[in-house]
Amino acid sequence: MVQEMTLEEQKQIAIDYYINLMRIKSAETAKNEELDRQIKIAKLKLLAFSIDLSEIEGLF
């Protein structure tokens with residue numbers, strides 16, 4: 001049986017994914033174009049959920 005995620009669960013997963021990418025970015029010492037691309041995509045998804053990123057980005 002397939003159970004669908006609620007909108008809140010989807011938002012939380014998207015936030016967690018973005019935070020993990022930002023953690024990797026802050027530890028990265030070299031240029032990583034794929035990481036930058038994934039961060040942009042994750043940011044677009046969060047904005048589609050109308051999630052304010054200012055507090056999250058302030059952590060990094």
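The model is predicted, so local features need pLDDT of at least 70 and side-chain atom pairs count only at pLDDT 80 or more, while totals for chains, interfaces and linings use all residues. Residues are numbered from 1 along each chain as its sequence is written, and side-chain values use heavy atoms, with hydrogens and water left out.

### Overall layout

The protein has 3 helices and 0 strands. Along the sequence, the pattern reads α-α-α. Helices (H or I, at least four residues) and strands (E, at least two) are DSSP runs, numbered from the N terminus. The C-alpha atoms fill a box of roughly 45 × 25 × 15 Å, taken along the principal axes.

The accessible surface comes to about 4,900 Å². Carbon and sulfur atoms hold 55% of that surface. Such areas come from the Shrake-Rupley method with a 1.4 Å probe; for residues, only the protein chains shown count as cover.

Contact means heavy atoms within 4.5 Å. Take the contacts between residues at least 6 apart in sequence: 55% of them join residues at least 24 apart.

### How α1 meets α2

Two packed helices are described by the angle between their axes and the distance between the axes. Helix α1 covers residues 7-27, and helix α2 covers residues 33-48. Their axes come within 10 Å and cross at roughly 150°. That makes α1 roughly antiparallel to α2. Angles over 145 degrees count as roughly antiparallel, under 35 as roughly parallel, 65 to 115 as roughly perpendicular and the rest as oblique. Axes are lines fitted to C-alpha atoms, for helices over the stretch in contact, and angles run from 0 to 180 degrees between N-to-C directions.

From α1, the contact uses Ala14, Ile15, Tyr17, Tyr18, Leu21, Met22, Ile24 and Lys25. From α2 come Leu35, Asp36, Gln38, Ile39, Ala42, Lys43 and Leu46. These residues divide into 11 nonpolar, 1 polar and 3 charged. Ala, Val, Leu, Ile, Met, Phe, Trp, Tyr, Cys and Pro count as nonpolar, Asp, Glu, Lys and Arg as charged, and the others, Gly among them, as polar.

| Residue | Location | Relative accessibility |
|---|---|---|
| Ser26 | helix α1 | 52% |
| Ala48 | helix α2 | 65% |
| Ser50 | loop between α2 and α3 (54-57) | 67% |

Ser26 and Ile41 lie 15 residues apart in sequence and 17 Å apart in space, C-alpha to C-alpha. Ala48 and Lys11 are 37 residues apart along the chain, and their C-alpha atoms are separated by 10.0 Å.

Most residues other than glycine have a negative phi. Ser50 has a positive phi, near 60°.

Definitions and conventions. Buried < 20%, exposed > 50% of the residue type's maximum accessible area, 1.4 Å probe, protein only.
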